[in-house]
Amino acid sequence: MGRSARGEFAYQGVYRYLDALIAQADYAEQGRLPSLRDLARRLRVSLATVQCAYSLLERQGRVRSVPKSGYFVNFAEREVDSPGADAALVLPAFPLPMPSPRTLERTLLAHERRLSRQGGEATWRLGNGALLRSALATRYTRASGHCWNARHVHLATDVQALLETLLLALHLQGATAVVATPCCWRLLNGLQQAGMRVLEAPMAAHGGLDIRAFARLLEREPVQLVVMPSCLSVPLGRLMPAQDQQQLARLLAEHSALLLENDLDSDHCFAGPPASRLRDGIDASRLLILGSLEATIGAEAPYAYLLCRQPGVDEAIVRRGFLLPPLRQHAVANTFAKGEVDESLAALRFDLQARMEHLCSRIELRLGTHLAFARPDGGRGIWARLNQPIDTKVLLAAVAGTPLSVIPGELFGLKGSFPQHVLLVWCAESWDGLEQALRRLGRGLVGR
């Protein structure tokens, strides 16, 4: 994603602008905010950049989207925020969106320029995303038993809105779900917001799924939805062994529950695309695959997608009225079709691994006596266990103002889970300031 003269990503400038509008919003005007198109024109940025900023605010609960009406200030949330509150003590919702690889950003813009020059009734002007949905269906078709087409693919502005729509369409409010934790906070929060009864999948001593205990849980509980990673478990950053995938698939084949496969981070495996995914052994009629273009393309495409054959979901998606920029959808589809996404991902994985190795080595050197962690197989963060209990607010205050994000482990599980864990994420491209941030975190860990 492009940077401004201040050295920030474009969506961050839009975010700051919207932040000021939210602070000044008037009750009399119902807190209506500018439309995507108006704001893009006003700030001279892409629709995707504006959507990224709005999605960030919506995830934080500061704005709400109303289908076919636009975005509005969430006044209840605004009043909760005290103007004098210490920002260092506010729990971060999630790591910052990943910037697009610059080569892919240029490619997207080139596709958009070419498409915009097309006159008449160009395909992209229809705005139904058919080409992108077809490209995603092709990408997920691996065998005759898992043959997808564009009708099975649904697009949305962000993961939480898509998950909410899905759960409503499947009438799962109040139903029981089992989730492998630590879990993506967006999924966990979405399940709880839908009123589902959420249980944590039993884990073995080695950190993997305890298959026998999980089988007993399925026998005694009325589980209707199972949520599992496709291959890469985030925030752990650990790959699910093929043997565990096969055992879990055989167990689920004997049960009536639907499988929601979390495929949000699978493209961030350092060693490349895994040879097997959990879905390979699952009946496609009971499979729900949730993915994110943001993880693949970057912050210029902050959209979510779902592959699903369940009846009623497509109608619910249409009623929800998600608005995605048609030109950007078509440009993204072209990058998939021409193999440009896969080329970019190869470079991204190499960069992610190199950065992770550097971050791990510095944390081991500076903080190795205060916390423990295993080097991840993929992702952007380090899942660490603190050697001694400590108030997370102390750690947040210690790194306030630095690019080092310390995310409490409690956000990734049910109440009481992972109290001595944190996810550490370096949210800047440059390593400037890392040593200072680690020293400050070290002082926080020893209570100084």
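The model is predicted, so to speak of local features takes pLDDT of at least 70 and side-chain atom pairs count only at pLDDT 80 or more, while totals for chains, interfaces and linings use all residues. Residues are numbered from 1 along each chain as its sequence is written, and side-chain values use heavy atoms, with hydrogens and water left out.

Let's start with the second largest pocket, which has a volume of about 760 Å³. (A pocket is an open set of points on a 1 Å grid over the protein atoms alone, where a 1.4 Å probe fits, with protein on both sides within 12 Å along at least five of seven lines; lining residues have an atom within 4 Å of a point. The volume is the space filled by probe spheres set on the points, joined across faces, edges and corners.) Of its 32 lining residues, T157, G321, F322, L323 and L324 are the closest to the centre. Domain 1 (10-73) and domain 2 (102-342) both contribute to the lining, so the pocket lies between them; the domain bounds come from an automatic or database assignment.

Which helix gives the most to that lining? That's α12, with four residues. (Helices are DSSP runs of H or I, at least four residues, and strands are E runs of at least two, numbered from the N terminus.)

Now for the backbone. A cis peptide bond joins T181 and P182, with omega about 0 degrees, and P182 sits in the loop between β4 (176-179) and α8 (185-193). V234 to P235 is cis too, with omega near 20 degrees; P235 is in the loop between β7 (232-233) and β8 (238-239).
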